[in-house]
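Subject: Handover of a structural model

Dear colleague,

Please find below the structure that I am handing over to you. My notes on what was found in it follow directly after.

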Amino acid sequence: MDVTPKYKGSFVKPLKALSHLFREPVTLPMVPRPASDNYRGFHVNDWELCVGCGTCRQICDNAAIRMIHIPGLPDDPAAGLKPRRPAIDYGRCCWCALCVDICPTGSLALSREYVHVSPDMNTYFILPDEKGIHGLNFPKGWAKTDDADLLDLARQPMPQRDPDSRGDNFDEIVHGYDDQAAILEASRCIQCGMCHEACPANMHAPEYIRAIWEGDKERAVREIYRTNPFPEVCGRVCTHRCETACSIGKRGAPIAIRWLKRHAMAALDDERVRTIALEGKVEDRTGKSVAVIGSGPAGLTAAFDLAKLGHAVTVFEAKPEPGGMMRYGIPEYRLPYDRLDADIAVIRAAGVDIRCDSPVGPDLPMDKLRDDFDAVMLATGLGAGRSTRVPGTDHPDVKSAVALLDAITRGESIDVPGRAVVIGGGNVAFDIARSLARLQRKTSGRVDMTLVALEERDHMLADEEEVVEAREEGVVVLNGRGPRQVVLAGPSDKTLGGLETVRCLSIFDEEGRFHPKYDDGDVMLHEADMVIEAIGQASDTGYLGEDLTEALEWARGRIEVGADGATSVSGLWAAGDMVEGPDVIHAVAAGHRVAESIHRFLGGGTTTLEAAE
Amino acid sequence: MSSQHGEGHVSAKDRLARMKSLEEILNTAMAFEKTAQTFYEQLAGRVRKPLRELVAELAAEEKRHYELFEAARDHPETEAHIRERIAVPVNDHRFSDYVHMPALGDHPDDQAILQYAMGREHAAHEHYADLAESAPEGPLKELFKFLSDEELRHKGDLEKRYYEIVHSGGV
Ligand SMILES: Cc1cc2nc3c(=O)[nH]c(=O)nc-3n(C[C@H](O)[C@H](O)[C@H](O)COP(=O)(O)OP(=O)(O)OC[C@H]3O[C@@H](n4cnc5c(N)ncnc54)[C@H](O)[C@@H]3O)c2cc1C
């Protein structure tokens, strides 16, 4: 550009400018001053601790946080891990640090770094890790402290019977939350939704917890029934995968989601629950019929869904009462029968015809069912007890846990052994040990019950509360012992003498395979009048008949099914423990999938109950 | 586990009695694999379909082992050693037990089959490991070593399966 000479200034100007060359500069290079200990500078996030729950995003009023999917990070809904991390938009962030105060894991903090200058706007949107915005490892500024933690990490205690008042009866142990405890417990929830994804049935736990917190129990029950027709059962005995995934559980006690469900159900009378549960039921009949074999949670869930969708559903059950293992396995002190009955009454009210004492088999063959019904579902569970088959287990006083539990439910008279040993370390083992201990106390006033488990104390398969409560009730739990043989009382005495066990040094090999190693020098004899095996169960599929057994595809001894529970034989589905397991909530989830698939098969399109609502 | 042949108190006569020619050993091992294969194949025809896959798998495994032995026996290098006498493992009797058809009854269930198979794989693993130590360098030594590892791996797989099948149900 040309400049007129008039504006070029004096000819000495360049010399003048030269004279400035050696002066102290007025503008100093920017060296930030150290920030205070609690400074709210740029975010840092410990990716190892962060679980990707997104609570930070939810609390941010400025919408400054977005959750970014990061391929390769652990993606495990059951463990409460999502492969995403928060990214901060510093055009929006006001450094209030609520995200830090709410962060359930404590992974997020603000650092003492506060300088960032760049003409590139994109650099103000960052995905912080533990090194900070420029990878400089600035120390933390505002971070989680007990004072500033917005979370309540302690759970509301569940009132329950003490060992003295529960040891000789089958009354339910827990009393349930009152309204205040329930609201306080619900108020701890941060609504992150990790529970929803961890639940095999994807229960809407955040929604019903919020409803409980707002005091709206009807809404809570409605939310519960969207995905689970066994809320009374699951409110008591669910394996609560939701709680394992709960973000609050990363530093504190997870929300008592199971107990909150129990509370919501207890707040409404059965009639009201029924009305809510049947909302959305299709009144027009489809004219199609479905047979379900087995009235456990898998079969009854599918039956309930299908009946609500307008199909005629008949359930055939071999035992005198419906419910499967929920009735004939789980003891009443954990799940009172009248509460199971309440759930089942709702299912019956939906129009499901449950026919008990109707075993499918020689008198009611599969062929007939397949002829008479448009679709058939198998949900016959794992009813037979497994044996260790160590020497002596063929003795008549060696019993299977499931057979004994069944007899107790039926109210059959049992020769209560004065002394008993249970083999097994899972919940079934504890169920039978605690049930028999109750009968022992009732009949003789004393408990002599030993439970031997292969696992060490801190690797027990059973829930911690089972172990603690069993001990309180007088059950002696011996860990790290494997059964060697059942012995007789004497050389010429055929009565049972007890169980010999040997110390188990390890159960699994380096690659995690079942390979127990024993120390033969450490053998113990546990004197007993009865030995009970509670190591596992098997299914009995003999009722299928030879032709159908041949026609079906099998994998690893179980009927092969697709993701929707359909078998390789058209018109036949299978679900629950007999194909997958291992608990009620998985059976419920599988029941839904089968119902959806059968509904489609019967021409119902893709309508699901959730979508229909 | 290492074998204890020829050590300490074992007399020279005993030691001699515990020596067998490679040919004998090979024949026993092949009989061992063949019996199992035949047993599983016959069983596959008797068990219900849910178990057939397991039994067929077991039969195929034994067949493969038998064929490996056949190939090793016919290998030119083997010819040179076939009459050599080498120490027989101490667990020989247990191994030999499995050369006979097992008595599992007419309708064994999954647990009985797996227990038998695991016991067999265990005996075979130990036996082949010991033979691998005593056998002269060459294809036979390699084969025993390979089979010993195979049997161990397979036993591990069966144990995992056993645990999944037997220790299932309830939570
Ligand atoms: C002692 C014990 C305690 C447990 N505790 C818990 C717990 O606390 N929490 C939890 O979530 N899970 C628990 N479980 C597991 C849970 O009960 C099962 O996972 C669940 O019941 C499986 O459901 P299902 O519908 O597949 O089969 P099941 O509940 O086993 O029902 C199958 C039904 O089919 C019937 N049947 C079988 N054969 C025939 C036939 N030929 N004709 C007609 N009917 C037939 C049976 O009589 C039975 O009623 C426990 C299990 C046991 C054994």
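Predicted model: local features only at pLDDT ≥ 70, side-chain atom pairs only at ≥ 80, totals over all residues.

Buried area is the accessible area, taken with a 1.4 Å probe, that two parts lose on being put together, summed over both.

The contact between the chains

The interface draws 27 residues from chain B and 33 residues from chain A. Side chains of opposite charge can pair when their charged atoms come close. Between chain B and chain A, the count is 6 salt bridges. One salt bridge joins A:R556 and B:E164, with an N to O distance of 3.2 Å.

Chain B

Chain B has 7 helices and 2 strands. Read from the N terminus, its elements follow the order α-β-α-α-α-β-α-α-α. Of the 171 residues in chain B, 50% are buried. The accessible surface of this chain is about 8,100 Å², and carbon and sulfur atoms account for 54% of it. Among contacts in chain B with a separation of 6 or more, 84% are between residues 24 or more positions apart.

A salt bridge within chain B joins the side chains of B:E33 and B:R120, at 3.7 Å from N to O. Because B:E33 lies in helix 2 (residues 22–46) and B:R120 in helix 6 (residues 110–134), the pair ties together parts of chain B that are 87 residues apart in sequence. B:E33 has a relative accessible area of 0% and is therefore buried. B:R120 is likewise buried, with a relative accessible area of 0%.

Domains of chain A

Which domains does the assignment give for chain A? They are domain 1 (43–126), domain 2 (168–277), domain 3 (289–381 + 559–612) and domain 4 (384–537).

For domain 2 and domain 3 of chain A, the centres, taken over C-alpha atoms, are separated by 24 Å. In the contact between them, 28 residues of domain 2 of chain A meet 30 residues of domain 3 of chain A. The area buried between domain 2 and domain 3 of chain A is about 2,500 Å², with 67% of it from carbon and sulfur atoms. A:P229, A:F230 and A:V237 supply 24% of the area that domain 2 of chain A buries against domain 3 of chain A, more than any other three residues. There are also 3 salt bridges between domain 2 and domain 3 of chain A.

Salt bridges in chain A

Over all chains, the count comes to 64 salt bridges. A:R251 forms one of them with A:D149, the closest N and O atoms being 3.0 Å apart. This pair links distant parts of the chain, 102 residues apart: A:R251 is in the loop between helix 10 (241–245) and helix 11 (257–267) of chain A, and A:D149 is in the loop between strand 5 and helix 4 of chain A. A:R251 is partly exposed, at 32% relative accessible area, whereas A:D149 is buried, at 15%.

A:E473 and A:R166 also meet through their side chains in a salt bridge, at 2.5 Å from N to O.

A:G132 is in the loop between strand 5 (125–126) and helix 4 (163–166) of chain A. With a relative accessible area of 11%, A:G132 is buried. A:G132 and A:V44 are 88 residues apart in sequence, yet 5.0 Å apart in space, C-alpha to C-alpha. Leaving out residues up to four places away in sequence, A:G132 touches A:H43, A:V44 and A:E113.

Is A:F22 buried or exposed? A:F22 counts as exposed because its relative accessibility is 75%, and exposed means over 50%. A:F22 is in the loop between helix 1 (13–19) and strand 1 (43–45) of chain A. Together with A:F11, A:V12, A:L15, A:L18 and A:L21, A:F22 makes a nonpolar surface patch of about 740 Å².

With kind regards

Definitions and conventions. Residues numbered from 1 in each chain as written. Chains lettered and ligands numbered in written order. Heavy atoms only, no water. Patch = residues over 30% accessible without salt bridge, like charges linked within 9 Å, V, L, I, M, F, W, Y side chains within 5 Å. Areas by Shrake-Rupley, 256 points an atom, 1.4 Å probe, with all protein chains shown as cover. Salt bridge = Lys/Arg side-chain N within 4 Å of Asp/Glu carboxyl O. Helix = DSSP H or I, 4+ residues; strand = E, 2+ residues; numbered from the N terminus. Buried < 20%, exposed > 50% of the residue type's maximum accessible area, 1.4 Å probe, protein only. Domains from an automatic or database assignment. Contact = heavy atoms within 4.5 Å.
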